[in-house]
Amino acid sequence: MRALWPLVAAMTLAVPAGAQEGAVALVGGTVWPGDGAPVENATVVVRAGRVVSVGPGAPPPGARIVDCAGTTITPGFVATQTELGLVELSLEPSTSDEALEGDAADPVRASFAAIDGYNPLSTAIPVARRWGVTSVVVTPNGGLIAGTSAWMDLAGTTLDDVLVRERTALHASLSDNAVTAAGGARSSALNLVRQVFDDARLYRGRGPAYDRRGLRELRVSRLDLERLAGALAGDYPLVVKASRQSDILRVLALGREYGLRLVIADAEEAWMVARQLAAADVPVILTPMTNLPSSFSHLHARYDNAAILHRAGVRVILSTEGAHAQRNLRQEAGNAIAAGLPREAALRALTLEPARVFGVERDYGTLAPGRVANLVVWTGDPFELTTWARHVFVRGREVPTTSRQTLLFERYRRLEGTARGQRGLPRAAPARR
Amino acid sequence: MSRTISLILMAGAALGCGAAPPPVRSQVELDPPPLPWARERVERGEIDSPLVALVGGTVMTATGRVIEDGVVVMERGRLRAVGARDEVEIPEGARAIDVTGRYVTPGLIDTHSHMGVYPSPSVRATSDGNEMSSPTTPEVRAADGFWPQDPQLPRAIAGGVTTIQVLPGSGNLIGGAGAILKLHLGRTVEEMEFPGAPETLKMACGENPKRVYGGRQAFPMTRMGNVFGYRRAFQQALEYGRGFEDWQAQHVGWQRRRRAYLEARERGDADAEDPGPAPSPPARDFGLERLLGAREGRVLVQMHCYRAEEMARIIEVGEELGFRVRSFHHAVEAYKIRDLLAAHDISVSTWADWWGFKLEAYDAIEENLALLTQAGVRGVLHSDSAMLVQRLNQEAAKAMAAGRRAGIEITEDQALRWITINAAWTLGVDEHTGSLEAGKMADVVVWSGNPFSVYTRADVVFIDGLTVYDRHAGPDALHRTDFELGQDLELTTGGE
């Protein structure tokens, strides 16, 4: 325990004073703003949690200067389609709040809200943040209609500290598991989706009649109907996981039928229907490194999915799987670039596109004056695996790049101080019989 | 014959325990009968690969040497020469390939794969990696469940991988034999077997076995049960081995009596006693034979184990029961006991950054491989994933960067060893592959750039000097397995 104190002290010192206490100027780096050409040798001024200016000027007097020569500065990355903050240990149900246990019991849970289970103190958050992830669209999982996601910034101890937008999307799925939960056939799954949106269409604007039992019997709860109606009203998009190209086309048809604002996720075979996705202006969230025919529902998965969609004019968001691996978003992007996605589009796919799709583009998504100062100073190309984040800012404050993992590293960096070292181990030869 | 005998004698000596009789090579020169598992392996013949010279690239040998403007010559399945341009003469008649600006490394090796036993697509019909009908199944073999048409295999080759160890899963305490394969995609697993590779044995610690069986209210349901399970199995193997030693001793005695009988008969002694038929060997048990092999060192133990104190416990149990662990797999807490692992010469096969999927994976740190390397432990970057196996070079880059970020200088050569020669040692094939040295198998990758860049791709992959992948070979560069044929017929005949 004693050994920890200097560390704790160092961490406290490393966190600069709050946003209200003066400006910070990042001087000399190359800014990749996320929606335009790089700015070389830039000065980025941050004050009161926002970006004040990005350009060649001198830093304002009194600002804390951060020397960024030789670095690349980007907007912070946004993790999407992830249970980050909902799951501490995947195999321990008591630490997992991303879904119901038992999918088929209740395949439609539109009112399941990720925000209710979000834990801002999850140890997975600093692990992701240390590698440049500054926001999450925390997303429920499972069932046919999984519930609503929320946008959180990755610094702060309470929901009030971290919440940006409570309902960013309603999430549904035509994955193999979802189809199983909804009767086992694609038709039964899509039929159930239609039934509940029919109900929501009837319910919408008729709350009082519903309360008087003046409507026909509806399949799901009032809260579920509220969330479904929100999607019908366009308050937020409906994100549908669909893999097979024929599934994606059926979802597009469903979207037209109900006037839904759609986003397709998973989307391994989206490249095959890029033209239709572009025509419908439906964005796609995909995981670029997913190239295996690991299910009969996506036998045509391939590395250049993102590149093909981008060339066809489809807006693309890049994601990676799981609560614990979000630090690999940049590896996903790097591989998408290697497979033909332009670098600028890859950056946008981790910053501006999520901000647009999930309704916070006024405040997030680019490194520009007026935007929330979520930004990362990289030791070089942010998509290369041999670089790292030297400074991470969330809402204008520099956050430590420590995590539970780095504390473990510091504890075991030298073994002399441990009990094992005191016992004079390692033993030279096996002894006991 | 003499080779067989020496094998048996070695086996007898290694059995130890004070029970083995002294070697019986007395004046009568009687041979004990061969043990059923001490047969010689069939060696594969020479491979007819062309004379090729890779000229002008940066050659990373994984021996500590990085050669700018290097030359690699291969012929008849082997590396003939590796060196700088002024050291190596390009032989007459060689097909010279200009690889200027590109990088040349040994073929990558993955010590932990489930390709072929958990293939794509993942459906009930293809799930062949965990014989979870009993917690101790040393008798089963990954090779027997391997599907050579797994579409994952050609994608791994395109990632520069030339050798894999296919392991049974970790649902069992003792899961069965691994299969060491070269990625010559064949019709049968025999066509892919690594010639001369030792046998390996998969074992597992911790949460998985106790979850699988504990969930059924069966043994083992605790870590206590796990450790007892190993001890019981190896004790059985020890006794099984003794049974065969006793039989050999009895057999030698019988031979002596038989010879005396025959000699007496020749002398005309009609009263000589006929010793009767030879003593029968004990009943064979293929599983116990494999465990006995682990005791004798001819079977290399590959132990799935996450936590530090469990690894330490396994080392002690191994000392007690006479088996050594060749490599701890996953081993996310190996950094905590790296002194112990170095002292016992046990390699660590792990990831760059997997963690958190269960409690025993909670203490993973990014610097695990860097700390192990610094402490002199052979670190190996493994995949355990048909996704990750395609990017072993990128994973090594991440682990290298994590070390550097923490102030531990890891060279590119050291990082390359994580995915080549250290992996080869873990599988007992480091004499044959895993580095670029004359005489070794010509398992070679030509990369489009520095292999630790995310933008780099494997351009050409050679196994035994034969080209198994060429990225620029057009739409058919990626081999299509039988399963994949015709899946896109509508696309290729003018559909969407």
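Mentor: Let's start with a rule: two strands count as paired if DSSP finds at least two bridges between them. The strands themselves are DSSP runs of E with at least two residues, while helices are runs of H or I with at least four, and both are numbered from the N terminus. This is a predicted model, where local features need pLDDT of at least 70, side-chain atom pairs count only at pLDDT 80 or more, and totals for chains, interfaces and linings use all residues. Residues are numbered from 1 along each chain as its sequence is written, and chains are lettered from A and ligands numbered from 1 in the order in which they are written.

Trainee: Which residue of β4(B) is the bridge partner of Val52(B)?

Mentor: That partner is Arg95(B). Four bridges join β1(B) to β4 (residues 95–98) of chain B, and these strands run parallel. Val52(B) also has a bridge partner in β2(B), namely Met74(B).

Trainee: In what sense do β1(B) and β2(B) pair, and over how many bridges?

Mentor: β1(B) and β2 (residues 66–75) of chain B are antiparallel, with seven bridges. They make a hairpin with five residues between the strands, and Ala62(B) in the turn has a positive phi of about 65°. β1(B) also pairs with β5 (residues 103–106) of chain B, in the parallel sense over two bridges; there Val59(B) has Val104(B) as its bridge partner.

Trainee: How many residues of strand β1 of chain B are buried?

Mentor: First the cut-offs: with C-beta atoms placed from the backbone, a residue is buried if 20 or more other C-beta atoms lie within 10 Å of its own, exposed if 12 or fewer, and partly exposed in between. In β1 (residues 52–60) of chain B, eight of the nine residues are buried, so the strand is largely enclosed by the rest of the structure.

Trainee: Now a helix, please. What should the helix α9 of chain A span?

Mentor: The expected span is 1.5 Å times one less than the number of residues. For the 14 residues of α9 (residues 245–258) of chain A this should be 20 Å, and the end C-alpha atoms are 20 Å apart, which agrees.

Trainee: And which residues of α9(A) are buried?

Mentor: Gln245(A), Asp247(A), Ile248(A), Val251(A) and Leu252(A) are. After the helix comes Gly259(A), with a positive phi near 65°.

Trainee: What covers the buried residues of α9(A)?

Mentor: Contact here is C-beta atoms, placed from the backbone, within 7 Å. The cover includes α6 (186–203), β10 (238–242), β11 (262–266) and α10 (274–279) of chain A. β10(A) and β11(A) are themselves parallel partners over five bridges, and Lys241(A) has Ala265(A) in β11(A) as its bridge partner.

Trainee: Which strands stand at the edges of that sheet?

Mentor: The open sheet has eight strands with mixed pairing, in the order β6-β7-β8-β9-β10-β11-β12-β13 (chain A). β6 (77–82) and β13 (316–318) of chain A stand at the edges, each with a single partner strand, so one side of each lacks a neighbour in the sheet.

Trainee: Finally, how many residues does each chain give to the contact?

Mentor: Chain A gives 39 residues and chain B gives 42. On the side of chain A that touches chain B, α12 (329–338) and α15 (404–412) of chain A are the elements that give two or more residues, and α12(A) gives the most, with five.

Conventions:
Two residues are in contact if their C-beta atoms, placed from the backbone, lie within 7 Å.
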